[in-house]
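Visitor: I'm new to this one. Could you show me how to read a few of its features?
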Amino acid sequence: MSDTLTGTTTEVPDYPMDRDARCPFAPPPQVLGMGTAKPLSRVRIWDGSTPWLITGHEVARELFADARVSVDDRREGFPHWNEHMLSTVHKRPRSVFTSDAEEHTRFRRMLSKPFTFKRVEGLRSAIQEVTDECIDAILAGPQPADMVSKLALPVPTRVISEMLGVPYEDHEFFQHHANVGLARYATAEDGQKGAMGLAQYLINLVETKRENPAEDAVSDLAERVNAGEITVKEAAQLGTGLLIAGHETTANMIGIGVLALLENPEQAALLRDSDNPKFIANAVEELMRYLSIIQNGQRRVAIEDIEIGGETIRAGEGIIIDLAPANWDATAYPQPDKLDLNRDAGQQLGFGYGRHQCVGQQLARAELQIVFHTLLRRIPTLRLAVPFDEVPFKHDRLAYGVYELPVTW
Amino acid sequence: MKVTVDQAKCVSSGQCVLNAGEVFDQRDDDGVVILLTDNPPPAQAANARKAAAACPALAIDIEE
């Protein structure tokens with residue numbers, strides 16, 4: 001779009017856009033096309049407003065790290081995901097996801113203890129054990145086996161549940177409630193039901209841990225409540241965020257990541273045959289770059305005028321940073337549509353960037369490194385049990401992935 | 001090379017320790033950056049630069 005057309009509202013494309021069903025790993029072709037033309041352009045969202053869509057890698061990184069860009073969804077002009085998020089904006093307690101500056105730092109530091117690099121390194125043997133148990137069960141069970149329900153979901157769920165101090169017996173309850181609220185166009189009612197179920201569960205758990213603390217993340221939050229630093233509701237909200245972010249995203253990345261490896265057997269062989277932790281680590285970064293899981297964009301609003309990429313984002317205008325096209329920006333990653341485990345993917349934006357970058361990223365990295373490598377080693381003949389075009393993709397979820405992945409060996 | 005860190009900006013991502021564990025550590029309680037050496041030897045300089053580039057909070061400053 002040229003500048004002369006920016007005033008013509010009919011030229012503004014609707015967002016989010018659909019992927020091409022024939023290229024399910026690729027971002028929507030229309031988004032890629034916009035990204036080739038300019039690093040940022042206007043789009044129209046569900047409520048008729050026209051925020052900026054960021055598709056360029058460098059502009060995305062700069063705006064993620066810019067203090068003039070806010071995540072406070074109560075501000076005028078904030079581009080909400082859907083009606084549910086708008087309708088609950090004043091009911092939801094502030095959290096690490098919706099606060100800026102010092103308030104955000106305060107929340108974030110309460111959550112960071114279990115996710116430091118060294119703590120996560122210390123969890124590797126436990127993650128390995130959980131992974132091996134799941135693969136043992138797969139090998140002992142019938143074929144075809146569904147990688148999503150047998151591996152992708154149980155590994156991160158068990159790890160995050162133990163870390164938080166949530167009993168594993170409750171994991172079905174969590175998956176159900178987490179999924180209801182995250183659907184692409186969740187109605188206000190759907191979202192509320194899921195969120196309330198989880199919130200009430202977490203409130204009860206925080207109360208339990210206030211009386212009987214243990215060595216886990218919810219007990220850490222309960223201690224902050226006892227110290228008068230946060231309310232029970234805030235603690236429950238922070239715990240809910242960790243739980244949802246801790247299982248659903250990683251599970252999706254495992255499911256679709258296994259599929260991407262099966263479709264790129266020469267790349268899978270490189271990973272299977274490598275004993276080099278640096279290569280394995282970079283392979284996971286490249287898989288994250290290639291797949292970007294979080295679709296529909298990170299939502300922000302400008303609090304001052306920002307000159308960037310040849311445009312001016314005015315104070316009060318919405319900003320949507322779309323990770324997938326930024327990770328497929330050919331100026332940052334030549335031939336972005338190629339999964340190339342040898343390329344340096346260190347600056348990939350799958351975890352976001354800036355002060356809101358994923359709290360659990362080191363845990364996710366450890367899980368993904370262990371799961372992909374172990375699976376390829378232990379089941380080297382792994383192959384898809386259905387035609388590729390019959391794999392059901394999560395086009396309608398905020399986190400992209402596959403609903404199921406039947407494999408055989 | 002002179003390395004400085006801004007603990008007030010730090011968001012505990014762990015990117016510094018991932019990239020340069022000899023130069024940076026994290027506080028056990030909240031993951032905030034700890035600078036182990038402000039003048040890393042040449043062998044660690046490249047990793048320190050990588051850590052500064054990866055830091056999502058722009059909390060690491062390097063003077064060459």
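Predicted model: local features only at pLDDT ≥ 70, side-chain atom pairs only at ≥ 80, totals over all residues.
Visitor: How many bridges join β4(A) to strand β10 of chain A?

Guide: Strands of a sheet pair through backbone hydrogen bonds, either parallel or antiparallel. Here, two bridges join β4(A) to β10(A) (residues 406–408), and they run antiparallel. Strands pair if DSSP finds at least two bridges between them; helices (H or I, at least four residues) and strands (E, at least two) are DSSP runs, numbered from the N terminus.

Residues are numbered from 1 along each chain as its sequence is written, while chains are lettered from A and ligands numbered from 1 in the order in which they are written.

Visitor: In what order do the three strands of the open sheet come?

Guide: The order is β4-β10-β9 in chain A, with antiparallel pairing. β4 (145–146) and β9 (383–384) of chain A each have a single partner strand, so one side of each is left without a neighbour in the sheet.

Visitor: Why does Arg75(A) count as partly exposed?

Guide: Buried means 20 or more other C-beta atoms within 10 Å of a residue's own, exposed means 12 or fewer, and partly exposed is in between, with C-beta atoms placed from the backbone. Arg75(A) has 17 such neighbours, so it's partly exposed. You'll find Arg75(A) in the loop between β3 (69–70) and α3 (83–87) of chain A.
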